Each structure stands twice: as structure tokens, then as C-alpha cells.
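These are my notebook entries on a predicted model. I set down what I looked up, entry by entry.

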Amino acid sequence: MEILVINGPNINMLGIREKELYGAQTYESLLGLIREFCAEKDVKVSFFQSNHEGAIVDEIQSAYGKYQGIVINPAAYTHTSVAILDALKAVNIPTVEVHITDTSKREDFRKVSYVRLFAEHTIQGHGFDGYLEAIDYLIENYG
């Protein structure tokens with residue numbers, strides 16, 4: 001199985017930004033955790049992070065026919081991007097939405113998720129482990 005992990009704006013700033021919400025671990029430590037987990041599960045994994053909506057859309061489109069699953073943390077674009085939603089619908093790859101924090105317990109605007117209209121599963125508030133849970137979900141259902 002081959003999975004694409006996509007992270008949106010400011011996820012590259014983990015370990016620096018809002019440590020009280022996101023903790024002190026870095027983006028690189030997140031990638032290392034996922035790489036190690038996928039190696040144990042015999043899953044090929046690729047990563048993409050961008051602060052630009054169009055770049056995320058392009059990456060989703062390029063995933064067509066290549067990946068059997070997508071794990072996406074669209075970050076701030078969760079609440080604003082119909083373009084990312086439409087790209088996910090277009091490629092129709094099984095998708096799990098992940099959020100490090102529990103967005104339902106934050107500001108009201110964060111309770112809206114356009115991506116959730118397509119994603120078949122959402123994991124939030126489990127920190128970095130949420131990514132591993134998302135990968136397990138894809139393996140169990142599509143691996």
C-alpha cells in the first residue's frame with residue numbers, strides 16, 4: 001500500500017508555534033514517527049507540506065492513480081477551501097482527515113470542515129498519534 005500524507009499551512013512550524021496547543025515536537029519529528037510506523041507496517045509513504053492552497057490541490061491531483069490512500073491535515077484550509085475538497089472528490093482516493101488538536105473545542109470557525117464532506121474518517125485531538133491512527137484506518141480498510 002502507498003499512502004500520501006499532506007499537511008497544510010503552518011504545520012512546518014510545529015515545535016515553534018503555539019506550543020501550548022501543538023506541543024514542542026517538530027515537523028521533522030512528526031515525519032520521522034510516521035516513516036518508522038509505515039516501515040513497520042510495510043507501507044510506502046510520501047509527504048507533502050505547503051502553505052499554498054493551489055500547491056496542495058496540485059499535489060492531490062497528481063496523486064491520482066498513484067496512491068491508495070491520503071492522510072490530510074489541511075490545517076487552516078480545513079475551514080476555507082472548497083478547492084481542496086473538490087480536488088479530493090475528483091481523484092476519489094480514500095482519505096482520512098487529521099488534526100493535531102481537537103478543532104471542535106476551539107474557536108467556532110474551526111468547527112467547520114469542508115474536507116470532512118469527502119473524508120470518510122476524521123481523527124482530531126490525538127496529537128501526532130492521530131496520523132498513525134489514520135494510516136491504520138487506511139490499512140484496515142484498503143490495505
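**Entry 1: strand β4**

I then asked how many residues of strand β4 are buried. For residues 95-99 the count is 5 of the 5, so I record β4 as largely enclosed by the rest of the structure.

**Entry 2: the partners of β4**

I next looked up the strands that pair with β4. Strand β3, residues 69-73, pairs with β4 in the parallel sense, and I noted 3 bridges. Within that pairing, Val71 stands opposite Val96 of β4. I followed the chain from β3 through α4 to β4 and recorded this β-α-β crossover as right-handed.

Strand β5, residues 121-124, is joined to β4 by 4 bridges, and these two strands also run parallel. I looked up two positions in β5: Ile123 is the bridge partner of Val98, and Gln124 stands opposite His99.

**Entry 3: the whole sheet**

In what order do the strands of the sheet stand? I read the order as β2-β1-β3-β4-β5, an open sheet of 5 strands with parallel pairing. I note for reference that strands of a sheet pair through backbone hydrogen bonds.

I then checked which strands stand at the edges. They are β2 (44-49) and β5; each has a single partner strand, so one side of each is left without a neighbour in the sheet.

I looked up where helix α5, residues 129-142, lies. Helix α5 lies across β1 (2-7), β3, β4 and β5, and runs at about 160° to β3.

**Entry 4: helices α3 and α4**

I returned to α4, the helix of the crossover between β3 and β4. Helix α4 (residues 82-91) packs with helix α3 (residues 53-62) at an angle of about 5°, and the axes are 9 Å apart. That angle makes α3 roughly parallel to α4.

I listed the residues that make this contact. From α3 they are Glu53, Ile56, Val57, Ile60 and Gln61; from α4 they are Ala83, Ile84, Ala87, Leu88 and Val91. Which classes of residue does the contact of α3 with α4 have? I recorded 8 nonpolar, 1 polar and 1 charged residues.

How values were computed:
Residues are numbered from 1 along each chain as its sequence is written. This is a predicted model: local features need pLDDT of at least 70, side-chain atom pairs count only at pLDDT 80 or more; totals for chains, interfaces and linings use all residues. Side-chain values use heavy atoms; hydrogens and water are left out. Axes are lines fitted to C-alpha atoms, for helices over the stretch in contact, and angles run from 0 to 180 degrees between N-to-C directions. Angles under 35 degrees count as roughly parallel, over 145 as roughly antiparallel, 65 to 115 as roughly perpendicular and the rest as oblique. Contact means heavy atoms within 4.5 Å. Ala, Val, Leu, Ile, Met, Phe, Trp, Tyr, Cys and Pro count as nonpolar, Asp, Glu, Lys and Arg as charged, and the others, Gly among them, as polar. Buried means under 20% relative accessible area, exposed over 50%, partly exposed in between (1.4 Å probe, protein chains only). Two strands pair if DSSP finds at least two bridges between them. A crossover is right-handed if, with the strands pointing away from the viewer, the path from the first strand over the helix to the second runs clockwise.
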